[in-house]
Amino acid sequence: MSKAMFKMTTAFADVMPAEYVELVQSGPFGQGYGVADLGSFKELIEEHPLCAGCGLALAVRLIMASLPTPEDTVVVGSTGCSSLAFPQIALQNIHSLFGNQNAVASGLKRALKLRFPDKHKDVLVVAGDGATADIGLDMVMHSWSRGEKLATIMLDNEAYANTGGQESGMSPEGCVLYMAPTGKKFKKIALPEIARESGCAYVASVTPVQPRKLEKAVRRAILVAREVGPTYVQIFVPCPTNFKFKPQETLAKAKQREKDQTYPLREFITPEAQAYLAALEGGGKHD
Amino acid sequence: MANTVNQRVVTPEHLLFEAPRTKAFITGSEAASEAVRRANVDIAIAYPITPQSETMERIGNLFAEGYIRDYYRAEDEVGAFSAISGASRTGVRCMTASSGPGLMRGLETIASWPGHRLPLVFLIMCRVINAPLSIQPDNLELDYMLTSGNILLHGENQQDFFDYTLAGFAISEKCEVTLPVAVAVDGFFVTHARAWVEMPSAELKLPPRDCYSEAVPMIDNENPPVRIARDAPIQKSNFISYQMHAAWQQEIHAAHERSRKWVSRYINGLVEVVNPEAETLIVASGSAVSQSREALRQAEEMGKKVGLIKVKSLRPFPTAELRAACRHAKRIIVPEFNCPGWLNREVRATLYGHSEAKIADGPRVYGGITMPTELILEWLFKSE
């Protein structure tokens, strides 16, 4: 997108909503802002409707502040808590159906490549654990196997939170949730490992506890997906509403899981992606 | 990506009606892929199912030859139908195809296309819906398509499959339409049988999709991003949600109404009427039309005058045309290749209060059974 396009018609300037004016005057488009600049610019997300203490909301806010080029980023989402936030995010974003996000993104990315062969147009898939690891797993895995140049982010709150807290494939073993009245009978689906084996060039699992690490993983995933191949970032986003803890305990919960290794943070980079990132990051451009 | 073959861009009107045509003795699958060869398609996405596979295989060959810019075999129908929805949102011309069970698997996606206002062409080679397992021709799946919001054309033969497919792209991308167009034919009877098809030169093709003159903005980052809503419809306010969804459904319905003139222009009318003065009428669509033509000829040999209304477009349905053509009818039969009789239901609902004719509840064959002309004749003159 030409950044010159993102401006107001002068005659309408005084009747535009205040947050829109702020977005035009001090938004992140073309500025190269990152997480460290939060508080100094108008963020893409406005008045999200998610619960108090929502780990997913924090992760979405951080992801939006981590995009290398928000003006040329399309987000493909899916049904779930995150789909309540995306209508209030100033990015071109799609909600199609529940679970088909990586297939929609595959067609979209290929079409962008046909229409704009010389431009980087980043396609970022952001969906929950149910959408990614359960109902949409075939389309997620096939997009990786086909080598589609997409960055896929899972917001893992370990349950179907938006429908009231049912078990998902990413819920921890033994966890009592709706539809798992005697506790979940199997382990979390090993999606980072599946991603690695299915052709992802970059895989990371992170939490919002360390925003700079989350930013680095998201940026790396988007940059590697431009040139090298599919990428996957799994973000642990604790849910106070369905796991019945206090809103202010969200980050402590994530920290505890990281500490006791029940949510290990990992990073996997193929040699090709490593070389590509080294060339980019060597210049100190993206860290 | 293959190099694009050099073809001359001409208007849909020229390609469909003016360009000289030559005859070829080909199958329906070949006819559909020959239409796609001339349709300037950017992306085609395939998933195999009998009797559709041959068409999308041939379209894969078109990609290898350079007539299509991108093509792949998807993971399943949900994946294929979703991927073309992503491609269509981005402004390229795209298509896919399926049959019976595959269509049913992807039905949630198919029903989401109109709401997302996605111009694309979806070819349907009708086949029974399981169970028990069968691959035979039966067009029950079109019953599910009738309320899907897609424009739905039903071709009689190989020639229609060629012409309607090309017309589909032109109709779908009109600004006041901006909807998916499904083009159906009955599997095997049309897809796997040969007939004479008249086609314009393969050196001609449709103009490319002009995505910036359609009804909704493209998802291509070439227009400023805006928040869709301060208060997204699904969440806080049921009243806003009701209102938005209701208004949008009305708009899709209105787009169907606006499509009538384009469908009519590009497929030469929503109906074809043979022997309009006859008081005994057959109303049919798809392969049942071909069988009815033969029954009509046999009836003439017997000295009986029978009329035939070929319904070409199921959505939009030719309401006014059918009422006008049936005004003087005394007896109407509706031969169909499906058990519930969806066309019969449509005909009854359309003619209720507009015709004195007795409408027979049949004849129907299903499960792959053919429609003998004797059956049509028996039903035509049953009451005599």
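This is a predicted model: local features need pLDDT of at least 70, side-chain atom pairs count only at pLDDT 80 or more; totals for chains, interfaces and linings use all residues.
Which residue of S6(A) does Ser205(A) stand opposite? The residue is Gln234(A).

The predictor gives the complex an ipTM of 0.94, with a pTM of 0.96. For chain B, the mean pLDDT is 94, and 95% of the residues score at least 70.

Now chain A. Strand S5, residues 202–206, pairs with strand S6, residues 231–236, in the parallel sense, and five bridges link the two. Both belong to an open sheet of seven strands, ordered S2-S1-S3-S4-S6-S5-S7, in which the pairing is mixed. Strand S2 (92–95) and strand S7 (266–269) stand at the edges with a single partner strand each, so each has one side without a neighbour in the sheet. From one strand to the next, the twist averages 15 degrees.

Helix H8 of chain A, residues 211–227, lies across S3 (122–128), S4 (151–156), S5, S6 and S7. Relative to S5(A), H8 runs at about 160 degrees.

On to chain B. The domain assignment gives domain 1 as 8–212 and domain 2 as 272–381. Their C-alpha centres are 26 Å apart. Domain 1 puts 22 residues into the contact and domain 2 puts in 23 residues. Between these two domains of chain B, about 1,800 Å² is buried, and carbon and sulfur atoms give 52% of that. On the domain 1 side, the residues that lose the most area to domain 2 are Leu146(B), His154(B) and Glu156(B), which together make up 36% of what that side buries. Four salt bridges are found across this domain interface. As for salt bridges in chain B, Lys310(B) forms one with Asp160(B), where the closest N and O atoms are 2.7 Å apart.

Last, the interface of the two chains. How many residues of chain A are in contact with chain B? The count is 49 residues of chain A, against 43 residues of chain B. The area buried between the chains is about 3,900 Å², with 57% of it from carbon and sulfur atoms. In chain A, Gln92(A), Leu114(A) and Arg115(A) lose the most area to chain B, together 19% of what that side buries. Five salt bridges are found across the interface of chain A and chain B. The side chains of Arg146(A) and Glu75(B) meet in a salt bridge, at 3.0 Å from N to O.

That is the end of my part.

Methods: Residues are numbered from 1 along each chain as its sequence is written. Chains are lettered from A and ligands numbered from 1 in the order in which they are written. Side-chain values use heavy atoms; hydrogens and water are left out. Two strands pair if DSSP finds at least two bridges between them. Helices (H or I, at least four residues) and strands (E, at least two) are DSSP runs, numbered from the N terminus. Axes are lines fitted to C-alpha atoms, for helices over the stretch in contact, and angles run from 0 to 180 degrees between N-to-C directions. Contact means heavy atoms within 4.5 Å. pLDDT is the predictor's confidence in each residue, from 0 to 100. Domain bounds come from an automatic or database domain assignment. Buried area is the accessible area (1.4 Å probe) that two parts lose on being put together, summed over both.
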